[in-house]
Amino acid sequence: MNMHSPVRILLCLALFFLKSSLSDETPDQLCNNLDAQQSCGQCIKAHAECAWCIDPHSSLVNRCQLKSKFTNETCTPHLVYSPQTAQVKTQQNLPLETKQHDGRTVVRLQPQAVSVRLMPGHSSTVTFKYLHQTDVNRRGTEPETMEIQTSDVKDSPINLTFYIVCDGELKKTKSCRVQNNQIVEFKIEVTVNSCSNSGDVTLSVGILGQRTIAGIYVTTICGCECEKHPEINSRLCHQNGHLVCGQCVCDPSRGGDKCECPLATLGVSTASELEDKCKFNSSTPVCSSSGKCKCGQCQCNRPTVTGKFCQCDNDSCPLSSNGKVCSGNGVCDCGTCKCEMGWERDDCSCSTASNNCVENGELCSNNGRCECNRCVCNMGNTGAFCGSIEKEQKPMENKPTDDLPETTAASVTETTSTADLPSDEELEKALDDSVKSTEATSSSALKIFWLFYFLVVILFAY
């Protein structure tokens, strides 16, 4: 059955909200996903803030990270590769009204050659100056129309936007009325939408009807420079693979970070199968992100991290008030305290002994219970052994403040207004915390609300 157009539109909107609600990944998540870890080129495509460590001696498991996360210890600083998203460089820039290299032609367009390097999804602006000169055979002094011309970009991944300082104002346009010998400033915004299969794109820039021209040479940044110069059969890869951007790309029969693992002898046929041996399951990271996979076996980063997949962090157990793991009364086993005999609770802070709860042969005077070797008294009882009866406090008589001395009444009023009420700073902090927690969830909750709204409308349309 064919769907009516309104229903089709509603369904498309619902799918859009569903996709957007599920795809809000942070830059850190984009840099650390599996695709970004495959190569330097995939890394820098993932996000503008992603960088790749090309240091072949780095011990990093994930070479693609946020640029801000690299340290001197994890990657040599000058070997952190992170190209600028937009680079503009002037190649030839002869001043206006000077002579070209042929010694005859007057320069009327400046600069004459510009190179632009852009990552897909980014743009950059090139500024030109143009000297308008009227045809010597033309009569009259009326303004003429100058119009920017460029080579065709219809079949390229490039978009151009034109701006001219016309009548003293920067306008988004390709043409403007100008006077003879007027110097006009115009700008061309270059945007790259995707990677170019045909390599660099050369754009000719000129003015309609004028014999003057400049060139913009656009290079799309879709890979890393180091990928163009691999070290073939590198010794760092045991001569069983090529070193590309600091990472070994192994021959089909080898695996491991340095191509040191013969796949056949390890019972696998591909490097990915070998790596899977270091994962708890297909959805978990290699060695739980706490170690390195060496020929199918995890080698954990720290002595306190254990387990076949480095899944147990024996430093992650709770600390007591004295700063000791498991209160010093147990050992941490895979994130859980295993208490010594005589101690209990998650942090082993509670003694199971009862000697401090006994007096005259009675446990808490039969008026309470013993917890962690201390008495917890029933209501109405008090004392270290719950042997005393709490005295009832007589309610205070309400006396009018008029009977009090003036200073006493003032102090009572001041105490009530200042001690019982939060300060302005406390109120502002509480409000800020509330706003932050609300903002963290409002975006995804709103998208899910609209998703269900559109789905309900679709159901009722039938």
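Predicted model: local features only at pLDDT ≥ 70, side-chain atom pairs only at ≥ 80, totals over all residues.
Local features were taken at pLDDT of at least 70 and side-chain atom pairs at pLDDT 80 or more, while totals for chains, interfaces and linings use all residues. Residues are numbered from 1 along each chain as its sequence is written, and side-chain values use heavy atoms, with hydrogens and water left out.

Searching the whole structure turns up 2 aromatic pairs (rings of Phe, Tyr or Trp, the latter by its six-membered ring, with centres within 6.5 Å; planes under 30 degrees apart are stacked, over 60 edge-to-face, the rest tilted). Phe128 and Phe186 make a stacked pair, because their planes sit at 20° with the centres 5.3 Å apart. Phe128 belongs to strand β7 (residues 122–131) and Phe186 to strand β12 (residues 183–192), so this pair bridges 58 residues of chain (strands are DSSP runs of E, at least two residues, and helices runs of H or I, at least four, numbered from the N terminus). Both ends are tucked away: Phe128 is buried at 1% relative accessible area, and Phe186 is buried at 0% (buried is under 20%, exposed over 50%, partly exposed in between, with a 1.4 Å probe and protein chains only).

Phe280 and Phe309 pair edge-to-face, 5.8 Å centre to centre and with 85° between the planes. Here the partners come from loops: Phe280 from the one between α4 (271–276) and β19 (291–294), Phe309 from the one between β21 (305–306) and β22 (312–313), so parts 29 residues apart in sequence are tied together. Phe280 is exposed at 60%, whereas Phe309 is buried at 12%.

A charge also meets a ring: Lys174 lies over the face of Phe162, 4.8 Å from the ring centre (the cut-offs are NZ of Lys or CZ of Arg within 6 Å of the centre and within 35 degrees of the ring normal).
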